[in-house]
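Me: I have a model open on my screen and I'd like to learn how to read it. Could you walk me through it?

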Amino acid sequence: EQDRFDGVILVISPEASRIQRVKTRDGATEAAIRKRMMHQWTDEQKQPLTDMLIHNATLDKTADQVRKLHLQLMRAWTFSQRLCIFVFQITAIPSA
């Protein structure tokens, strides 16, 4: 599937941060969140399929990485490629 895209960006964050975000967003318990996470791919499984990686630790550091990546992509890719960027963010995958 990833061959359909010019590039795949993976955004990862520490597990504790992901759990806290879901608790805040959904009001879910940590046990329910961990159960959901057990059915998702790990960061280690996703990384070989990505072209670019962003570490979402703090807002400033993440924003800096995004700005740098954006400049890199704008220099390297054609207009049509810029329209096809696929961002895979693991922190917002809803459970079925």
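Predicted model: local features only at pLDDT ≥ 70, side-chain atom pairs only at ≥ 80, totals over all residues.

Me: How many helices and strands does the protein have?
Reply: Helices (H or I, at least four residues) and strands (E, at least two) are DSSP runs, numbered from the N terminus. Here you get 5 helices and 3 strands, in the order β-α-α-α-β-α-α-β from the N terminus on.

Me: What share of the residues is buried?
Reply: Buried means under 20% relative accessible area, exposed over 50%, and partly exposed in between (1.4 Å probe, protein chains only). Of the 96 residues in the protein, 24% are buried.

Me: Now the helix pair. How do I describe two packed helices?
Reply: You give the angle between their axes and the distance between the axes. Axes are lines fitted to C-alpha atoms, for helices over the stretch in contact, and angles run from 0 to 180 degrees between N-to-C directions. For H1 (residues 15–26) and H2 (residues 30–38), the axes come within 10 Å and cross at roughly 120°. Angles under 35 degrees are roughly parallel, over 145 roughly antiparallel, 65 to 115 roughly perpendicular and the rest oblique, so H1 and H2 are oblique to each other.

Me: Which residues make the contact?
Reply: Contact means heavy atoms within 4.5 Å. H1 brings Glu 15, Arg 18, Ile 19, Val 22, Lys 23, Arg 25 and Asp 26, while H2 brings Glu 30, Ile 33, Arg 34, Arg 36 and Met 37.

Me: Is Arg 18 buried or exposed?
Reply: Arg 18, in helix H1, counts as buried because its relative accessibility is 14%. Its side chain also joins that of Asp 43 in a polar contact of 3.5 Å. A polar contact is a pair of N or O atoms within 3.5 Å; within protein, one must be able to donate a hydrogen and the other to accept it, and residues adjacent in sequence count only if both atoms are side-chain atoms.

Me: And what does Leu 53 touch?
Reply: Leaving aside residues up to four places away in sequence, Leu 53 touches Leu 10, Ile 12, Gln 47 and Gln 65. Leu 53 sits in strand S2 (residues 52–55).

Conventions: Residues numbered from 1 in each chain as written. Heavy atoms only, no water.
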